[in-house]
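Please keep the sequence and the model in view while reading.

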Amino acid sequence: MLERIKLKIVGLISLLWREVAKFGVVGGVAFIIDSGIYVWLLHGSMSDSQVKAKIIAGVVATMFSWVANRYWTFRHRRQANVLRELVMFIIMNAIGLGIAAACVWVTKYWLGLTDPTSVFIAGSVVGLVLGTIFRFFAYRFWVFGSAMDAEEEFAHDHEILGKKAADTGADTVDSTGQADTGTVPTVIR
């Protein structure tokens, strides 16, 4: 049992590492943009409006992130319908931004911590980490999922994650014509 779990984790890591690396670079730059604007607003005109300041900083960072992910991270999977892609991206990021803003709200109103350091850590560390985890998996398995399933390089994603052919109602056959034996494939890159 533990060996099977270990194989699934290793398979997932080998499958996602390139995407995670690019996504991480874009996220790192977006973090700098988000944090810089947030700190600037907290120490400036929006010192009394921490939640609104977090939302403004998040919107600016989100627009940067969409452009960078569209033209670099997921450039080979861009949708022809730019408006649809942008709307999907905005919806996923609105949820991620809501996670970060909720962290600021909880810190300020439930915990009673109103100093700039506490709300910064809540919004730009805890909230951003939780929101980023949500965004990555939303992009990977929902927003870009059907396009990726059609690519041979990602054909066995669901098997690595434990989804068997019985779950889809079809037999899984690999590129050599062999039926799926239920074992976890090893991804070598």
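## The packing of helix 2 and helix 3

Is the crossing of helix 2 and helix 3 left-handed or right-handed? The crossing is right-handed, where left-handed means that the near helix is turned anticlockwise from the far one by less than a right angle, and right-handed that it is turned clockwise. Contacts across this pair (heavy atoms within 4.5 Å) involve residues of helix 2, including Gln50, Lys54, Gly58, Thr62 and Trp66, and residues of helix 3, among them Val82, Phe89, Asn93, Leu97 and Trp105.

## Basis of the model and overall make-up

This is a predicted model, in which local features need pLDDT of at least 70 and side-chain atom pairs count only at pLDDT 80 or more, whereas totals for chains, interfaces and linings use all residues. Residues are numbered from 1 along each chain as its sequence is written, and side-chain values use heavy atoms, with hydrogens and water left out.

The chain has 7 helices and 0 strands, helices being DSSP runs of H or I with at least four residues and strands runs of E with at least two, numbered from the N terminus. Of its 189 residues, 37% count as buried (under 20% relative accessible area, with exposed over 50% and partly exposed in between, for a 1.4 Å probe and protein chains only). Among contacts between residues at least 6 apart in sequence, 69% join residues at least 24 apart.

## Two buried residues

Asn93, in helix 3, counts as buried because its relative accessible area is 3%. Leaving out residues up to four places away in sequence, Asn93 touches Thr62, Arg135 and Tyr139.

Ser124 lies in helix 4 and is likewise buried, at 1% relative accessibility. Beyond its neighbours within four places in sequence, Ser124 is in contact with Phe31, Asp34, Ser35, Tyr38 and Lys54. Ser124 and Asp34 are 90 residues apart in sequence, yet their C-alpha atoms are 7.6 Å apart in space.

Phe137 belongs to helix 4, which spans residues 116-143, and counts as partly exposed because its relative accessibility is 39%.
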